[in-house]
Amino acid sequence: MQISQRSDGRSAIRAGDLVVVRRSRWRVVDVRAYDACQVVTLSGISAPVAGLRRRLLTPFDTLHRVDRPRGIRLVSRTRWRRAFRSLVAADRGPATLCTARTAAIELMAYQLEPALAVLAGAGVRLLLADDVGLGKTIQAGLVVAELRARAAADRVLIITPAGLRDQWARELSERFAMHAAAVDGRALRRRLPMLPVGVNPWTTLAIAIASVDYVKRAEVFPSVAACAWDLVIVDEAHAVAADSDRRDAVHALAARASYVLLLTATPHNGDRRAFESLCSLGTAEAAGTNEPPLVVFRRTRADVGSGAARRIHAVLVTLTAAERRMHLLLQRYGDAIRAERRAVTGHDSFLALSVLHKRAFSSAWSLARSVGRRLAALDSSDPAADAEQLALPLGDLDGDLTTADAAPLWPAELRLSDARREHHLLSALASSAAAAARRESKIAALQRLLRRAGESAVVFTEYRDTLLHIRDCLAIGASPGGPPLMLHGGMARDERASVVDEFSRHARRILLATDAAAEGLNLHRRCRLVVNLELPWNPMRLEQRIGRVDRIGQQRTVHAFHLIARGTGEPGILARLRARVAAAQADLGAAPDPIGSGLERSLARLIAGGEHDDDGDGRFPG
Amino acid sequence: MTMVMADFRAEADAEATRLTRARALTRAGDDEAAAWLDGAAAWMATARSCHVRRAVGPRVVMLWRVAFENIDGAIVESQLVAIALASAASGRHRAGRDTLKHIIAGVAPAIETRITAVTADWQWRAHEAARAFAAAQTARRRAIAAQLAQAPARQFQPGLFDRRAERAHAHLAEQNADAAPEHLTGALSSGAITLRRPQLLLVLAP
């Protein structure tokens, strides 16, 4: 019997049917109907295709349905036993997992919980907020596999940072035998010529993995949104929690999906508003409806009794005279700005000034570059010369690059009415920064640390220019294990993959990375040492950095070193970070938020205003 | 916004134990053999080793599968049922293979009825599980459909001479109008499961 399309549009063949295709017998595993064709997934049940899986398109391939043979057939005892063992092993109760047995995963009970919750109908929007390295990808993969096995997730969209697309595709393929397509401009350009005119290429993908920065693009978003996604997974969801076009795009996609999975190890940065924004991602609340609540899974290493020990070391670095002078001149410039702003507008410019202080904490080199650009703008006769133009993504069609680690623009608030005075102050600051950059105490401390540790290390910094400066300094100082590798937001996907591969193969010992480039990477098999050149203001970033090496499978004690400039505002930042961590812990336990949204401002006041913080004891809770 | 901290530790522990046992039971090639069986007639083998023969005695042991399928024909829940059929003949007077096949074919309808009866409890639990699974999905889809129907005209700021934003909005509104009934239809059909006829898979003859 040849199979045809039924008049009601539903496929005449169904999962479970037996068919003959190209003279071999197959069982239909899955049928996906499209406008003019169907994608049929088959599993071979006769020699020579037994056990093979193939996908074909009807009507281009002809399927002949056959009935399951009736009666009883005598087989060898070996064969009988094999089938018996498999059947008994696959036998299970209602609402239990059908794909986990054959998945290439180590069975850890806590990793099964989210999939079980979905099957039990506990919720359709899940927040997996386990500690870094507890296998959120595996848990999400299980949910995908289970939903697809029940035909409840025909189309899955995984939104992830650009650097993690290949890692996701690999994990889904190797662990769950699911083919997922990493989608970017290049992949879509390859796919389009093979499709009929007018077909949205996103609708032809069962599991698509795309970067958030690619999906949010004005020319890309409409075609992604036009596709009905059954399951949307947002990896590193904290990155889309704040009000931004990223959040708008992700929320618009997730709000139309039957299931939403939010993955982040750092859901709360101490700011309750941001946490609530994260939790509301993908809500489809409308008048007169009662949507199931967000189901939260939050397990620590202690909860699951897993993971290596972690030691946090705060290394207080004594600044050189040139560096101290640089900080002093920066403070002087800040005082002048604040005095004028207070007189004119009635408020301080702490937030704007904090940009310069962040640069100074990162490296004298990066501050020198920022101040140098400002001086060049002051010297220019063109009044618009200091207004840097936003870059168009013309050189980044695939959405690989990010500017999150690029040098920040000079804040518009930071200018004095007396241009000559401003020029004078900034010139002094620039020359002191240039002098300090010749021998930076943090970089010297880093070199000592790497030499003494004598093992692989990942060094994090916030800015790309600082990263390049460290690379040059370490190259001059003949760093152990060869010249360091670099990961930053200006590198394409292939370049990043090659760097990670080289580091994983033990080809080089030192990896320099910015947060923007290293998010989500698994480096624990290669390394256990993380060095933070400066403290990020957000505790989530700190946790994300250490989480690159502190993951399940790490056999050794993890060490994280924070280089903190003595006599500056950095010890105060450390104390405030600790308070934010405490606030986040309290809030996830439903306690009131004692910090609130004014934290950034108070932190800026602390740094730019040079206020003393009594709690700056240099320790960080492990 | 409401959220709940989930605790499925007990279920997960039980599931991990079951899966560990299931993995320990199977060897390479077992699942391929079961896949072959899926498209074949029931397989019969005879008990040869002493302890199996002692355990089976004069009985014929059959393994049946009872399953629920969803609207797309995919098996969503299944259960194995072992049936032992007492045979009066034993020793040298054992029934031949063809005789056994005839006997089994003759009693199969009665066995199917019996299996349907003895699995009533499992069927109820499977129905409940499917209902709970579908209920969450249905609530979500209803919410999406309602939200699409009420979609506000925002996110677009039309330019003075640029009608692209306006057209894009009209296109989105059209998409929403198409998608809303689709979500409602999906919501209504997502929980439907039907019981398949019990299927004989394996026979162990004395």
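The model is predicted. Chain A is divided into three parts: domain 1 (18–66), domain 2 (110–304) and domain 3 (310–389 + 396–608). Chain B has 206 residues.

**Domains of chain A**
- Domain 3 of chain A is assigned in two segments, 310–389 and 396–608.
- The centres of domain 1 of chain A and domain 2 of chain A, taken over C-alpha atoms, are 30 Å apart.

**Helix α12 of chain A**
- Helix α12(A) runs over residues 350–362 and has 13 residues.
- From first C-alpha to last, α12(A) reaches 18 Å, close to the 18 Å expected at 1.5 Å a residue.
- α12(A) is mostly covered, with 11 of its 13 residues buried.
- The buried residues include F350(A), L353(A), L356(A) and F361(A). Also among them are H357(A), K358(A) and R359(A).

**Packing of α11 and α14 in chain A**
- Helix α11(A) (residues 321–345) packs on helix α14(A) (residues 419–438) at about 160°, with the axes 8 Å apart.
- Angles over 145 degrees count as roughly antiparallel, so α11(A) is roughly antiparallel to α14(A).
- The crossing of α11(A) past α14(A) is left-handed.
- On α11(A), the contact residues include M326(A), L329(A), L330(A) and Y333(A). On α14(A), they include L425(A), L426(A), L429(A) and A433(A).

**Chain B**
- Chain B contains 6 helices and 6 strands.
- Their order along the sequence is β-α-α-β-α-β-β-α-α-α-β-β.
- Buried residues account for 30% of chain B.
- Of the chain B contacts between residues at least 6 apart in sequence, 74% join residues at least 24 apart.

Technical notes. Residues numbered from 1 in each chain as written. Chains lettered and ligands numbered in written order. Predicted model: local features only at pLDDT ≥ 70, side-chain atom pairs only at ≥ 80, totals over all residues. Helix = DSSP H or I, 4+ residues; strand = E, 2+ residues; numbered from the N terminus. Expected span 1.5 Å × (residues − 1). Buried ≥ 20, exposed ≤ 12 C-beta atoms within 10 Å, placed from the backbone. Domains from an automatic or database assignment. Axes fitted to C-alpha atoms, helices over the stretch in contact; angles between N-to-C directions. Parallel < 35°, antiparallel > 145°, perpendicular 65-115°, else oblique. Left-handed = near helix turned anticlockwise from the far one by under 90°. Contact = placed C-beta atoms within 7 Å.
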